[in-house]
Amino acid sequence: MRDVIVIGAGPAGLAGAIASASFGLKVTVIDEFIKPGGRLIGQLHQEPSGEWWNGIKESERLHQEAKTLSVDIRCGVSVYNLEKDDDLWNVHTSIGTLTAPYVLVATGAAEYPIPLPGWTLPGVMSIGAAQVMTNVHRVEVGKKGIIIGANILAFAILNELQLAGIHVDRIVLPEKNPLSGKAGEPEEVMKSLLNAAHLAPSPLLRMGSRFMKNGSFRKIGMKFYPKNGVKVNGTPLLLRKAAIEIIGTEQVEGVRVADTDENGNIIPGSEKIYEADFVCIAGGLYPLAELVAVSGCPFQYIPELGGHVPHHSEMMETPLEGLFVAGNITGIESGKIAMAQGTTAGYAIAKHAGKDGAAIDKQLQEAVQNVRSVREQAAIQFNPEIDSGRRKMSELWESLYSKNTRENSQIKIG
Amino acid sequence: MNNNEAIVVCRCEEVTYGALRFTAEEHQCTARELKLRTRAGMGFCGGRTCRIPLDRIIENVVSNISQGDTPLKYQPPIRPVTFGTVGEKND
Ligand SMILES: Cc1cc2nc3c(=O)[nH]c(=O)nc-3n(C[C@H](O)[C@H](O)[C@H](O)COP(=O)(O)OP(=O)(O)OC[C@H]3O[C@@H](n4cnc5c(N)ncnc54)[C@H](O)[C@@H]3O)c2cc1C
């Protein structure tokens, strides 16, 4: 008999498997990709301390540790449904149905798409796809690229493309419209980039970041934003230019771009074509919570966490008995935080499974504390208001589940 | 905007932004109804790419709806599977 099924072999899932296996539980990990590591295996960046974060090495370390604890890891297997019958969870996969009393869902995040004219041409990809092609598959995505959308993920991957010797010519915003949402509003974009100043070593972003936190300074800042952009690692970041169309007949040949005013509105007659042979669309990340949704778990929309997230406690429990969550499915944050959350979930499962008292309580408490301290020291923070998002979820949990005040009016998306 | 009408939002079922906006404006409906009327989100990928644009279109066109209210549901199977796989007995 198996005690735990972990869905997703990213940092959260692997850390969760390790923590529960260290208390003697029998664990199976399932992942649909060909190898374990999740998004870690695409990551390579330098921390402010100068130290390199090498995701491939991290994932190998986790994989090794899990193997030493006899965790059963199955790659290339997709989970398509999750439901409970009596005391056991049924995890329906492409190789049949597996069952266990405890399930940890750690399926990570997906990218927000930004549809625009020409986005179906060969050579257009999401920024995450460029990362996977470059760092995982080692395929050159093109010779000269344009990134549409400016956010922290785009900067991190810009760096990775440059390290691989791929030229990114410029970063522009998508045209402001209902499909692009905030990604097309220069001021909103500037606001979200302020906390990434260390990743975008440009004098304007760095010196300006304190000023720019103030709304009216930010307006002025956008008004006088240099037409030729500011350089991020040598690549111009053009917050006052918007991509109107990706052009090409058989494949990408370029991007039609127009100047915009400080509010992102197109200035008529300012259009220009920039040549490129690949285009990356960077729309940001949202929690990939589809399996938890079909399981019947209630959700809350918390924009600071990236969108709809399953109700969960700081110990990573959901309101459904035996169902736990960890990592980006609970809110968009960096790989280190996902790992710390996974460890917490793994200990919480061991505790629910009745593993020895004092030791587990102590480890669980330390793990919860560790998530907070890793968050405080995080080098990459995808949403500057993450703390407020996390607070909203824990208040929600307190009010709904801590005092036996279970309600029926929760929003479900399953 | 005219150029934007032709954007293919749902790539599996080839539904354009123009068709989606027109349907949403005419019926002032939920994202789910928009999906059922146009087939956007009902293709091979299960709406993985276009579900968010669909929610955004509804939010933009229909007053009094925000993203927190009525997002598109998820339904199993959440990955494409063969009839053989779903029809199989539990092992
Ligand atoms: C494109 C992209 C780039 C990123 N780049 C960075 C970066 O540079 N630095 C950084 O700190 N953070 C980055 N992140 C954030 C990243 O999500 C976290 O760093 C971290 O990897 C999250 O860990 P996780 O374990 O929650 O999920 P993931 O690492 O995403 O792992 C989830 C795993 O679940 C599997 N899975 C999902 N659904 C199913 C299913 N139905 N059946 C079977 N398996 C399934 C996936 O195959 C995947 O391996 C990036 C995220 C994305 C999406």
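Q: Helices (H or I, at least four residues) and strands (E, at least two) are DSSP runs, numbered from the N terminus; where in chain B do Glu33(B) and Arg37(B) lie?
A: Both belong to helix H3 (residues 31-38) of chain B, four residues apart, or about one helical turn. This is a predicted model, in which local features need pLDDT of at least 70 and side-chain atom pairs pLDDT 80 or more, while totals for chains, interfaces and linings use all residues. Residues are numbered from 1 along each chain as written, chains are lettered from A and ligands numbered from 1 in written order, and side-chain values use heavy atoms, without hydrogens and water.

Q: What do Glu33(B) and Arg37(B) form?
A: They form a salt bridge, with the closest N and O atoms 2.9 Å apart; the term means a side-chain nitrogen of Lys or Arg within 4 Å of a carboxyl oxygen of Asp or Glu.

Q: Which residues does the network of salt bridges that share partners join?
A: It joins Glu32(A), Glu290(A), Arg48(B) and Arg79(B).

Q: How far apart are N and O in the salt bridge of Arg61(A) and Glu65(A)?
A: The distance is 3.7 Å. Both residues lie in helix H2 of chain A, four residues apart. Arg61(A) is partly exposed at 41% relative accessibility, and Glu65(A) is partly exposed at 34%.

How values were computed:
Buried means under 20% relative accessible area, exposed over 50%, partly exposed in between (1.4 Å probe, protein chains only).
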